[in-house]
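Welcome, and please take a moment to look over the sequence and the 3D view below.

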Amino acid sequence: MQKYRKKVINYFYDHPRQSFVATYLLSFLVAAVSAAIYSLGFTAFTTAADPANNIITGGLSGLCQVIIQIIRLFGVKDISFYTLQSILYFVLNVPLFLFAFFKISKKFAFGTLVNVGLSSLFIQLFSGLEFIQAIATNPFVQNSFLARALFAGIMVGISSSLCFIFDISCGGGDVISYYLSMRKSTGAGKYSIMINVTIVTLYFIFYVLGNSGDFVNIIVIILFSIIYQFVGGFVVDHINLRNAKIRVEIITTNFDMSDVLLAIFPHSATLSKVEGAYSHNNRLNIMMIVSSNEVKKVIRVAKSVDKHSFIITYRINQVYGNFFVRPVE
């Protein structure tokens, strides 16, 4: 398998035009799958038969819900909720698309635009499918806020993580979350939660203004919406490991191994000479911080240099100082 993988990599390295087309085609396919997952979760679990019982999604889709509440305050109720959601979701993503194009990367912006466009389309299409409506109107789903919050949170988390893994996003708050996580070199989930809490607060304010006699109901909706936000953020931080850091310690008798590692990986290392407790032979202890997706390659290289090397890995929360993270292309 590794042999064929190298052949594919070498082929695209020698054919930049085909590599460009393949990269953008992959981004399109990932964006389409992600959009389908998100739209399924939104139409089947987030929304309810009674719009007053919709889960507050947060992000830009949650901001759309806030704007819809404002529109309802002015007495405009003859436009479909799904139609308004689709139109607003696309329109509000335009400035964020421009931000992604200039501040992150062109490929990121392309994948984000495809995802947002297809999400808007799929939400409109899925809302009319009998299969999805059968799920949405199922008594267990409709009568259980907890079930809806869990399933919707898992699906939106998977949707966002799938995009983040391939260096694109679902648009909206994910663009900001991804940008902040890239700048801070940390997980994106916590930033999503912060943005979403703000959106939920705004929704609460405008809902109460339009439904002053339904205070208890909105409190219940907010409580389960918070569960939805935390589930989505938890899924993102446990699937998207781009900014996760791993400390690797390699104990070896080959004192040239550090030179090999530095020639292959864009990270430095700390060296210390140690002594084996049993043999009393001199050893080299190499301590290196790498991204989680580099760990297997580090181990493979270390074992190819010294098959008897002893390797330990630790998951760490944060690194302060200079640490190279592969830029988004």
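Predicted model: local features only at pLDDT ≥ 70, side-chain atom pairs only at ≥ 80, totals over all residues.

Residues are numbered from 1 along each chain as its sequence is written, and side-chain values use heavy atoms, with hydrogens and water left out. Helices (H or I, at least four residues) and strands (E, at least two) are DSSP runs, numbered from the N terminus.

**Helix packing**

- Let us begin with α2 (residues 16–46) and α5 (residues 106–126), two helices that pack at an angle of about 35° with their axes 8 Å apart. Here axes are lines fitted to C-alpha atoms, for helices over the stretch in contact, and angles run from 0 to 180 degrees between N-to-C directions.
- The crossing of α2 past α5 is right-handed. A crossing gets that name if the near helix is turned clockwise from the far one by less than a right angle, and is left-handed if anticlockwise.
- Sorted by class, the contact of α2 with α5 has 15 nonpolar, eight polar and two charged residues. In this sorting Ala, Val, Leu, Ile, Met, Phe, Trp, Tyr, Cys and Pro count as nonpolar, Asp, Glu, Lys and Arg as charged, and the others, Gly among them, as polar.
- A second pair to look at is α8 and α11, whose axes are 7 Å apart at an angle of about 30°.
- α8 passes α11 in a right-handed crossing as well. The contact of α8 with α11 has 19 nonpolar and five polar residues, and no charged ones.

**Aromatic rings**

- How many aromatic pairs are there? Rings of Phe, Tyr and Trp (its six-membered ring) pair if their centres lie within 6.5 Å; planes under 30 degrees apart count as stacked, over 60 as edge-to-face and the rest as tilted. By this rule there are seven aromatic pairs.
- One of them is the stacked pair of Phe 145 and Phe 224, 5.5 Å from centre to centre with 15° between the planes. Phe 145 belongs to helix α8 (residues 145–165) and Phe 224 to helix α11 (residues 215–239), so the pair ties together parts that are 79 residues apart in sequence.
- Phe 145 is buried at 16% relative accessibility, while Phe 224 is partly exposed at 23%. Buried means under 20% relative accessible area, exposed over 50%, and partly exposed in between (1.4 Å probe, protein chains only).
- Elsewhere, Phe 97, Phe 101 and Phe 102 make up one aromatic cluster.
- Arg 247 sits over the face of Tyr 314, 5.1 Å from the ring centre. A charge sits over a ring if NZ of Lys or CZ of Arg is within 6 Å of the ring centre and within 35 degrees of the ring normal.

**Cysteines**

- There are zero disulfides in the structure, a disulfide being a pair of cysteine sulfur atoms within 2.5 Å.
- Are Cys 64 and Cys 163 buried or exposed? Cys 64 is buried, at 0% relative accessible area, and Cys 163 is buried too, at 0%.

**Strand and loop residues**

- Val 248 lies in strand β1 (residues 245–252) and is buried, with 1% relative accessibility. From Val 248 to Val 290 is 42 residues in sequence and 7.4 Å in space, C-alpha to C-alpha.
- Asn 293 is in the loop between β3 (282–291) and α13 (295–305) and counts as exposed at 54%. Asn 293 and Ala 244 are 49 residues apart in sequence, with 8.4 Å between their C-alpha atoms.
- Leu 129, in the loop between α5 and α6 (130–136), is partly exposed at 40%. The C-alpha atoms of Leu 129 and Thr 43 are 9.8 Å apart, across 86 residues of chain.
- His 280, in the loop between β2 (270–275) and β3, has a positive phi of about 60° although it is not a glycine.
- Asn 322, in the segment after β4 (310–316), is exposed at 87%. Asn 322 and Ser 268 are 54 residues apart in sequence and 9.9 Å apart in space, C-alpha to C-alpha.
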